[in-house]
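Thanks for coming, everyone. Have a look first.

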Amino acid sequence: MAIWDSLRRDRAADQFASGNAASNTIELTRRNPSVSLAKQGATTGNLRVNLSWRMRTSDIGGTSSRRSGSLLRRPFKFFQPELVQAHTQGMVNVDLDLGCLYELTDGTKGVVQPLGGFLGSLNAPPYIKLSGDDRFGAPSGETIYVNLDHREEIRRLLVFVYIYDQTPAFDRTHAVVTLFPGNGPRIEIELDERAPQARSCAVFTVENSKGELMVRREVKFVYGFQAELDRLYGWGLQWGRGYKTKA
């Protein structure tokens with residue numbers, strides 16, 4: 001048993017270092033929180049950052065218990081993926097938004113986010129662009145693009161998720177932030193910790209250290225909004241209350 005455990009740990013370490021061979025994915029976890037984009041050969045082109053979420057199965061009419069019962073009658077169903085419909089406003093009143101705090105090497109600081117219409121720019125500072133605002137949990141989710149052809153002008157980034165309507169619901173949704181570099185495996189970070197009262201979550205940081213871009217998993221839930229994330233990571237911006245137009 002001890003030998004098997006050792007082999008299993010070694011193989012898991014190899015998969016993390018090179019990406020999961022089956023899905024071409026690197027999963028950042030508490031045990032393995034960081035990865036170098038340079039070592040993955042992913043320092044040019046656009047880095048696509050996508051937020052997607054769905055209802056937790058336990059919140060959809062007892063789906064988990066029904067699935068357990070059906071497995072007894074049809075055991076091969078265990079190997080079939082479980083279908084979970086993306087949430088709608090009728091199921092849960094939550095609007096998850098994707099945002100990014102940035103600091104450029106010239107000292108410029110700011111935010112890219114749906115609230116306030118700060119959608120950024122891809123080919124001019126800050127070289128970060130938000131695709132739009134998904135308010136209903138569509139399969140495509142929300143996406144931020146980072147132009148890594150200008151990586152020397154980017155000092156650090158903090159990508160975060162927040163709940164606009166002030167209804168804490170992170171414990172009722174399963175959210176995943178996925179990074180799609182221009183080259184190499186994609187990088188996944190699950191917001192897998194239950195934080196029922198949290199309204200914001202710092203998901204990951206990107207630090208430019210001597211030209212090497214390091215992605216580091218954070219997954220830190222806070223009970224406030226962007227201003228609290230700002231204080232936590234020392235951005236020093238001035239924040240005011242913002243609103244969205246009606247969908």
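**A glutamate inside, then the sheet around it**

Glu218 is buried, at a relative accessible area of 14%. Buried here means under 20% relative accessible area, exposed means over 50%, and partly exposed is in between, with a 1.4 Å probe and protein chains only. What does the side chain of Glu218 contact? A polar contact of 3.5 Å joins it to the side chain of Thr205. For that term, take a pair of N or O atoms within 3.5 Å; within protein, one must be able to donate a hydrogen and the other to accept it, and residues adjacent in sequence count only if both atoms are side-chain atoms.

Some ground rules. This is a predicted model, where local features need pLDDT of at least 70 and side-chain atom pairs count only at pLDDT 80 or more, while totals for chains, interfaces and linings use all residues. Residues are numbered from 1 along each chain as its sequence is written, and side-chain values use heavy atoms, with hydrogens and water left out.

Where does Glu218 sit? Glu218 is in strand S13, residues 212-222. Strands are DSSP runs of E, at least two residues, and helices are runs of H or I, at least four, numbered from the N terminus. Two strands pair if DSSP finds at least two bridges between them.

Stay with S13. Strand S12, residues 200-209, runs antiparallel to S13, and nine bridges join the two. One partner pair is Asn208 with Leu213 in S13. S12 and S13 make a hairpin with two residues between them. Lys210 in that turn has a positive phi of about 55°. S2 also pairs with S13, antiparallel, over three bridges. There, Ser34 has Arg216 in S13 as its bridge partner.

Val219 is buried, with a relative accessible area of 4%.

Now zoom out to the sheet. It is open, has six strands, and pairs antiparallel in the order S2-S13-S12-S9-S4-S5. Strands S2 (34-36) and S5 (109-112) are the edges, each pairing on one side only. From one strand to the next, the twist averages 20°. For angles, axes are lines fitted to C-alpha atoms, for helices over the stretch in contact, and values run from 0 to 180 degrees between N-to-C directions.

Next, S4 and S9. Strand S4 covers residues 96-104 and strand S9 covers residues 154-163; nine bridges join them, antiparallel. Cys100 stands opposite Val159 in S9. Tyr164 lies in the loop between S9 and S10. Tyr164 is partly exposed, at 22% relative accessible area.

**Other strand pairs**

On to S11, residues 186-191. How does strand S1 run relative to S11, parallel or antiparallel? Parallel: three bridges join S1, residues 25-27, to S11. Glu27 stands opposite Glu188 in S11. Strand S10, residues 173-180, pairs with S11 in the antiparallel sense over five bridges. Ala175 stands opposite Leu191 there. S10 and S11 form a hairpin with five residues between them, and Gly184 in the turn has a positive phi of about 90°.

**A cis bond and a cavity**

The peptide bond from Pro125 to Pro126 is cis, with omega near 10°. Pro126 is in the loop between strand S6 (120-121) and strand S7 (128-130). Tyr127 is in the loop between S6 and S7 as well. Phi of Tyr127 is positive, near 65°, in a residue other than glycine. Tyr127 counts as buried, at 6% relative accessibility.

Last item: how many cavities of 30 Å³ or more does a search of the whole structure find? One. A cavity is a set of points on a 1 Å grid over the protein atoms alone where a 1.4 Å probe fits but cannot get out; lining residues have an atom within 4 Å of a point. Volume is the space filled by probe spheres set on the points, which are joined across faces, edges and corners. The largest cavity holds about 40 Å³ of space. Its lining is Leu37, Leu47, Val146, Leu148, Ile154, Leu157, Val206 and Leu213. That divides into eight nonpolar, no polar and no charged. The nonpolar class is Ala, Val, Leu, Ile, Met, Phe, Trp, Tyr, Cys and Pro; Asp, Glu, Lys and Arg are charged, and the others, Gly among them, are polar.

Note on methods. 1 Å grid on protein atoms, 1.4 Å probe; cavity = no way out; pocket = protein on both sides within 12 Å on 5 of 7 lines; lining within 4 Å.
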